[in-house]
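Dear colleague,

I am handing over the structure below, and my notes on its pockets and on one of its helices follow it.

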Amino acid sequence: MELDDTDRAILRILQEDARTPFSEIARRIDMSSATVHDRVGRMEDAGVIEGYHASVNPKAVGYGVSALVGLRVEQGREEDALERLREIEGVREIHLTTGEWDVILRVVAEDTDRLRDLMFDRVANMDGFSRSQTMIILGTDYETEGLPI
């Protein structure tokens with residue numbers, strides 16, 4: 001789908017606040033609500049807009065520790081290993097990468113004891129991984145949800 005300047009303006013507004021009413025978007029970009037509705041629907045159908053969700057603070061719901069985990073995957077075991085990783089509750093992101101690690105995970109846990117359990121009891125015991133490294137996130141200096149549109 002080819003995006004024009006109006007589509008991009010709509011996306012910028014929705015990235016700032018996905019709950020912005022179409023009437024407010026229409027007012028801000030000087031269009032009718034019906035036109036905004038049609039454009040948003042078109043972008044949803046084309047897969048440009050993949051969904052709407054609340055951004056939840058992990059600490060506020062009991063997840064006090066976040067970590068990045070680098071994994072080396074044994075040759076020929078990638079799909080099975082990735083599928084099993086998806087089933088682990090604390091795994092929030094799975095990234096396939098180049099370089100030292102084949103896979104980098106972002107995980108959350110209630111505390112360091114639960115992180116240790118997650119890593120030793122769940123991940124380290126899985127077949128298909130030859131090596132791992134866990135890096136606890138001490139703080140996040142900058143994070144953004146949206147894309148530069």
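The largest pocket is lined by 28 residues, and those nearest its centre are V56, P58, S66, R106 and E143; a pocket here is an open set of points on a 1 Å grid over the protein atoms alone, where a 1.4 Å probe fits, with protein on both sides within 12 Å along at least five of seven lines, and lining residues have an atom within 4 Å of a point. Two or more lining residues come from each of β1, β2 (91-96) and β3, strands being DSSP runs of E of at least two residues and helices runs of H or I of at least four, numbered from the N terminus. The volume of this pocket is about 900 Å³, taken as the space filled by probe spheres set on grid points joined across faces, edges and corners.

The model is predicted, so local features need pLDDT of at least 70 and side-chain atom pairs pLDDT 80 or more, while totals for chains, interfaces and linings use all residues. Residues are numbered from 1 along each chain as its sequence is written, and side-chain values use heavy atoms, without hydrogens and water.

The second largest pocket holds about 690 Å³, and among its 19 lining residues L14, Q15, G51, H53 and E145 lie nearest the centre.

With regards
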